[in-house]
Amino acid sequence: MERVGAVVTRATGVVLSRASVWRLLTGRLGWSLQGPERRAVERNESEIARWIAHEWPRVKKGAVNTRACIVFLDETGVFLLPQIRRTYSPRGRTPLLRHRLNWKRASMAGALGYHSTDPDRGARLCFRLKPGSHDTAGLIEVLQQRKVFYRGGRAVLVWDGLSAHWSRAMRAWADERDWLTLERLPAYAPELNPVELLWSSLKKHELANLAGDHLADVADTTEQGIHRIKANPRLPWSFLAHTGLTIRPPHPPTLRKDQ
């Protein structure tokens, strides 16, 4: 409230009380209290718009031409420190979550694949969790696992500019695989990767307020969340829809189902 009041005073010279600022925001402007979404100041909005308008159609066309699966891949870390989320408690009593103050870390790598030409094939989720972090060698193992999981089919892999994704060793390995094509997402645009929504779902449900004694507890609970998402074929598609990206173009409006 104080910040908004300071802006109003700076712009108009009028000093408002907290109650007046609240009435201005919620009454006259119709605003509501919301948690902000974080965005990096290094983002290049015009470059992101260009990627969506030009690069993404090129990626889709290339996948269609080779009948490939478009695979989004991302990694994230999980710790013994719990993911704090709101929960229920007796009125006036703040819930107390006791946990071990331990920074042991595991790394999750997830790949969501969407077939570019076959609408009957559901989205496929490939997942791997390991202690520590995923370096280039670990990511190559994930991609080899993905090839087996997708029965050797062609893949167009879309991921961000992390150094391990584009290291010399990774590019040399990928160049020797005729089934794999690498594509880079625009910088600082995690909202274009549906796997980010997968992580968010896990951290808001299974991992929320989880105070495990060992990393194995976190791993077991994460596996439960992966099974939950796999059991609902609509969820992976909802993650993609949330990015605003589409895999297959809609049917022309003049084309009937019986044509």
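# Pockets and Cavity of a Predicted Model

Guide: In this predicted model, helix H6 gives the most to the lining of the largest pocket, with 7 residues.

Visitor: How much space lies in the largest pocket, and what makes it a pocket and not a cavity?

Guide: About 800 Å³ of space lies there. Of its 20 lining residues, Glu 37, Arg 38, Pro 190, Glu 196 and Ser 200 are the closest to the centre. Helix H6 (194–204) and helix H8 (234–243) are the elements that give two or more residues to this lining. The space is called a pocket because its set of points is open, whereas a cavity is a set from which a 1.4 Å probe cannot get out.

Visitor: What makes up the lining of the largest pocket by residue class?

Guide: The lining divides into 7 nonpolar, 5 polar and 8 charged residues. Glu 37, Arg 38 and Glu 196, among the residues closest to the centre, count as charged because Glu and Arg belong to that class.

Visitor: Which residues lie nearest the centre of the second largest pocket?

Guide: They are Asp 74, Asp 160, Gly 161, Leu 162 and Glu 196, out of 13 lining residues. The space in this pocket is about 260 Å³. By class, its lining has 7 nonpolar, 2 polar and 4 charged residues.

Visitor: How many cavities of 30 Å³ or more does a search of the whole structure find?

Guide: The search finds 1.

Visitor: Why is one residue in the lining of the largest cavity classed as polar?

Guide: The lining consists of Val 78, Phe 79, Leu 81, Pro 82, Gln 83, Leu 207, Leu 210 and Val 218. The classes come to 7 nonpolar, 1 polar and no charged residues.

Visitor: What makes a residue buried, and what percentage of the protein is buried?

Guide: A residue is buried when its relative accessible area is under 20%. Buried residues make up 37% of the 259 residues.

Visitor: What secondary structure does the protein have?

Guide: There are 8 helices and 5 strands, running α-α-α-β-β-β-α-β-α-β-α-α-α from the N terminus.

Terms used:
Residues are numbered from 1 along each chain as its sequence is written. This is a predicted model: local features need pLDDT of at least 70, side-chain atom pairs count only at pLDDT 80 or more; totals for chains, interfaces and linings use all residues. Side-chain values use heavy atoms; hydrogens and water are left out. On a 1 Å grid over the protein atoms alone, a cavity is a set of points where a 1.4 Å probe fits but cannot get out, and a pocket is an open set with protein on both sides within 12 Å along at least five of seven lines; lining residues have an atom within 4 Å of a point. Grid points are joined across faces, edges and corners, and a volume is the space filled by probe spheres set on the points. Helices (H or I, at least four residues) and strands (E, at least two) are DSSP runs, numbered from the N terminus. Buried means under 20% relative accessible area, exposed over 50%, partly exposed in between (1.4 Å probe, protein chains only).
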